[in-house]
Amino acid sequence: MANNLIRRYSDGERWNHWITAITFILLACSGLAFFHPSFWFLSGVLGGGELSRFLHPIIGVVMFVSFMIFALKKFSENLINQTDKQWLSQIGDVINNRDERLPEAGKYNAGQKAAYWVMLISMILLMGSGIVMWHEFFSHLFSIAVVRAAIFVHAISSVVLILTIIVHVYAALWVKGSMQAMLSGVVSRAWAKHHHPAWFRSVDKS
Amino acid sequence: MANAQPMTIVDRSASRVPMALKSNPQLEVAKLIDESKCIGCKACQVACMQWNDQRDEIGSNVGVYDNPSDLTPASWTVMRFNEVEDREGSINWLIRKDGCMHCEDPGCLKACPAPGAIVKYDNGVVDFVKDNCIGCGYCVAGCPFDIPRISKVDNKAYKCSLCSDRLAVGEDPACAKACPTMAIKFGPKSDMITLGNKRVGDLQERGYQKAGLYNPQGVGGTHVMYVLRHSDKPDAYNGLPTDPKISQTVSVWKGATKTFLSWTMGAAVLAGVAHYLVKGPKVVDEKEEA
């Protein structure tokens, strides 16, 4: 590794991330097709309506497992602290690119942590409600009222997740140098120092 | 008997089509099931399976006369036998022919995500179109009467079609044709309402003061109606709902919510593009900060 680069994600972590990402895209496409008729054409992504109905829950389990492995690993790094509250209160500075005014972030800033928690909660809701509405295997174990509620929870939490992912992807495009972290696993020292100073110091020392 | 008539689709699942959405009152048909005349012979069940070429698996006795014990993908109608004790302490047998009610406002159609898998015709018949069905089971969640069943064999939803294929050529539904006591009548809906009300009057004269016509308005009326001797307690007829409606959960999920949330997701993407164009990316000056 060139000496102006710092490792941010291992090979395993990147595999883990991209498996989650690819399954998410497949799920979002097939799920949106079921959500609103205007998105029906997206059922073609998985090969049509019936295949979408069959594959969606299976891919869902893969995404859930993959996400949870990543999320559990990153749990302690995503606990909200006082600095994060300060960071969030200065969201205007974040949006307006006045980074120099922001409190020092660790490995993850408060925005990333917020995304982490929203994703974690919606993933759990999606998996739980998804099992209840998985007609092929599980729906008969629940009353129709419970299945109805599950479909509703599934629809709402999927929209919340999609919105969070839109923000997540946008942030990766907006903050130059971030995409590299998840593609090749490394970031520049300057990037680390600028965006995650507390994390930079801790890895710089070691 | 209804005359042969072309049946025009007026509503279609998961489709944005400028259709009337309501049945044509001139063409509306209905099946009238007179519970007081039913002897529980199951001729209607046999006729149904014969016409629709369905053969259910042989089940086992569950201690009541119901056979099969529930609606299945191959049994689109089932006689429900209920023993009810009246005030004098004697046993009354309330027998109800269960099956699709063909709602004017069908919950199954509202919930269905597959374009054209569920259609409603101008005569009020609600029909499943097998080729378009994807087997997700949303219709089961949408139905206020717990009618659709998903086949384990082909993962398609099945229910009574009101013999739409017979109606199209001017024939009555198979069950109505087979009923030996004429407890099942079929014809224009207005005629069936008149007939039903007349029958209700007769029953009231005979001492069934609570007799009434079951044509629930919560789902806009149905194209299968019952004459009930005890219309004050439809629940006694194997849980026939007193005031069926499309569940609030389904209405909210399939109402404005899905459109609003779809636009919200689109707006989020546009907001990202706009922000990038106005504020620009965050770029770290490698030389300055290294």
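Modeller: Helices (H or I, at least four residues) and strands (E, at least two) are DSSP runs, numbered from the N terminus. This is a predicted model, in which local features need pLDDT of at least 70, side-chain atom pairs count only at pLDDT 80 or more, and totals for chains, interfaces and linings use all residues. Residues are numbered from 1 along each chain as its sequence is written, while chains are lettered from A and ligands numbered from 1 in the order in which they are written.

Colleague: Of the 24 residues of helix 8 of chain B, how many are buried?

Modeller: A residue is buried if 20 or more other C-beta atoms lie within 10 Å of its own, exposed if 12 or fewer, and partly exposed in between, with C-beta atoms placed from the backbone. Helix 8 of chain B lies largely in the open, because the number of its residues that are buried is 1.

Colleague: How far apart are the C-alpha centres of domain 1 and domain 2 of chain B?

Modeller: Chain B is divided into domain 1 (9–232 + 245–252) and domain 2 (253–289), with bounds that come from an automatic or database domain assignment. Their C-alpha centres are separated by 49 Å.

Colleague: Which element gives the largest share of the side of domain 1 of chain B that touches domain 2 of chain B?

Modeller: Two residues are in contact if their C-beta atoms, placed from the backbone, lie within 7 Å. Domain 1 of chain B puts 6 residues into the contact and domain 2 of chain B puts in 4 residues. On the domain 1 side, helix 2 (107–111) and helix 7 (248–254) of chain B are the elements giving two or more residues. The largest share, 4 residues, comes from helix 7 of chain B.

Colleague: Which helix of chain A gives the largest share of the side of chain A that touches chain B?

Modeller: That contact takes 38 residues from chain A and 37 residues from chain B. Helix 1 (11–35), helix 2 (49–73), helix 6 (144–174) and helix 8 (189–195) of chain A each supply at least two residues of the chain A side. The largest share, 13 residues, comes from helix 6 of chain A.

Colleague: Is H168(A) buried, exposed or partly exposed?

Modeller: H168(A) is found in helix 6 of chain A. With 18 other C-beta atoms within 10 Å, H168(A) is partly exposed.

Colleague: Which residue is joined to P68(B) by a cis peptide bond?

Modeller: P68(B) is found in the loop between helix 1 (43–51) and strand 3 of chain B. V78(B), in that strand 3 (residues 78–85), is in contact with P68(B), with D66(B) and D70(B) also among its partners beyond four places in sequence. V78(B) is buried, with 23 other C-beta atoms within 10 Å. The bond into P68(B) has an omega of about 0°, and its other residue is N67(B).

Colleague: What is the phi of A14(B)?

Modeller: Most residues other than glycine have a negative phi. A14(B) is found in the loop between strand 1 and strand 2 (29–34) of chain B, and it is buried, with 24 other C-beta atoms within 10 Å. A14(B) has a positive phi, near 45°.

Colleague: Where is L162(B)?

Modeller: L162(B) has a positive phi of about 55° although it is not a glycine. L162(B) is buried, with 28 other C-beta atoms within 10 Å. Its place is in the loop between strand 8 (157–158) and helix 4 (164–167) of chain B.

Colleague: Which residue is the bridge partner of D11(B)?

Modeller: Two strands pair if DSSP finds at least two bridges between them. An open sheet of 3 strands in chain B has the order 1-5-6, with antiparallel pairing. Strand 1 of chain B and strand 5 (residues 118–121) of chain B pair over 3 bridges. In strand 5 of chain B, the bridge partner of D11(B) is K120(B).
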